[in-house]
Each structure stands twice: as C-alpha cells, then as structure tokens.
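The sequence and structure are shown first.

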Amino acid sequence: MDSLIRWQNAKGITSGFLTVLGGLITLPVAIPANVASVMYVQIRMIATIANMRGYDLKDDQVKTFVFVCLTGQAASDILKQAGIKLGTSLAIQVIKKIPGEVIKAINKAVGVKLVTKFGQKGIVNLGKAVPLIGGVIGGAVDGIGTNTIGKTAKKVFS
C-alpha cells in the first residue's frame with residue numbers, strides 16, 4: 001500500500017513540475033491541466049486503496065468516501081461532523097448502513113472543502129510564473145498533497 005502511495009506521489013510531483021515549465025505564458029492552460037491531472041492520479045490512488053481493501057467502487061457510499069479522502073487532513077473533521085469517527089475500522093457493512101441524509105451532509109461538506117482547497121492553491125500558483133522555480137514549487141505542493149491524501153485513504157478504508 002505504501003509503495004502505491006509513493007508511486008502516485010512521484011506522478012504528482014512530475015505533473016506539478018512539468019505543467020509549469022512554460023512559465024507565465026502557459027499558466028492559463030497549465031494550471032487547469034495540472035489540477036485535473038493530479039486529481040485524476042489522486043482519485044485513482046484512493047479507488048485502488050479502497051478496492052484492495054474489499055470495498056465496492058460502484059457503491060454510492062464508497063464513492064462519497066473517495067471524495068472525502070480528496071480533502072486530505074480535513075477528512076477527519078468532515079466525518080466527525082457527520083458522526084463518524086476516523087481511525088475506527090469503517091467496515092463495509094457499516095458504510096452501507098450510513099443513512100442517505102448523512103451521506104448528503106458529507107457530500108456537501110466535501111464540496112465546500114474542495115472548492116476552498118483549490119482556491120487556496122491560487123496563492124501557490126503565483127510562484128509558478130517563474131519557469132524552473134515554479135516547477136519545483138508545483139512538484140512539491142502536488143507531491144505533498146498526494147501523500148497526505150494517500151495516508152487519509154489508508155485511514156478511511158482501513
């Protein structure tokens with residue numbers, strides 16, 4: 001599991017580095033491409049962890065928890081607000097018993113956190129205007145974010 005997360009971290013770092021090498025001129029295209037590619041890598045990593053641990057990826061509750069993992073460290077706060085304690089084993093049967101209203105509340109909180117998360121990336125994106133330095137900054141931010149999300153997924157899908 002840890003080797004999977006490390007491999008996905010490498011993909012995130014590479015994507016973050018390569019998408020901003022063009023500097024200021026390419027930023028309008030590079031930033032959305034970077035966000036989309038890194039989110040794709042992160043969602044696949046989370047889904048793989050869930051699948052390896054026996055969760056059905058077609059289940060709506062499992063899909064909700066995949067998106068919860070995308071919020072990284074905020075996942076425990078979101079689940080706590082919904083009355084679910086992270087760290088205790090979220091058995092497959094327990095996830096299936098979560099009422100629809102709780103799932104809706106979790107989805108709402110996840111949406112707010114993801115919008116906030118990508119809004120905050122705007123400050124980091126200013127540093128991406130300088131080609132080589134921007135690549136290092138982009139790679140570091142995406143690698144650290146992917147690692148945090150991987151660790152969160154391991155906790156959520158324990």
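## Overall architecture

The model is predicted. The protein chain contains 7 helices and 0 strands, so that, by the DSSP-based assignment, its elements read α-α-α-α-α-α-α from the N terminus on.

Of the 158 residues in the protein chain, 39% count as buried. Its accessible surface comes to about 8,400 Å², and carbon and sulfur atoms account for 66% of that area. When contacts between residues at least 6 apart in sequence are considered, 79% of them join residues at least 24 apart.

## The largest nonpolar core

In soluble globular proteins, nonpolar side chains tend to be buried together. The largest nonpolar core here comprises 16 residues, of which Met-45, Ile-46, Ile-49, Cys-69 and Phe-157 touch the most other members. At least two residues of this core come from each of α1 (2–18), α2 (27–52), α3 (60–70) and α7 (131–156). Helix α3 provides the largest share, 5 residues.

Beyond its neighbours within four places in sequence, Cys-69 is in contact with Ile-46, Ile-149, Thr-152, Ala-153, Val-156 and Phe-157.

The side chain of Asp-142 forms a polar contact of 2.9 Å with the side chain of Asn-34.

How values were computed. Residues numbered from 1 in each chain as written. Predicted model: local features only at pLDDT ≥ 70, side-chain atom pairs only at ≥ 80, totals over all residues. Heavy atoms only, no water. Core = buried A, V, L, I, M, F, W, Y, C linked by side-chain atoms within 4.5 Å. Buried < 20%, exposed > 50% of the residue type's maximum accessible area, 1.4 Å probe, protein only. Helix = DSSP H or I, 4+ residues; strand = E, 2+ residues; numbered from the N terminus. Contact = heavy atoms within 4.5 Å. Polar contact = N/O pair within 3.5 Å; in protein donor to acceptor, adjacent residues only side chain to side chain. Areas by Shrake-Rupley, 256 points an atom, 1.4 Å probe, with all protein chains shown as cover.
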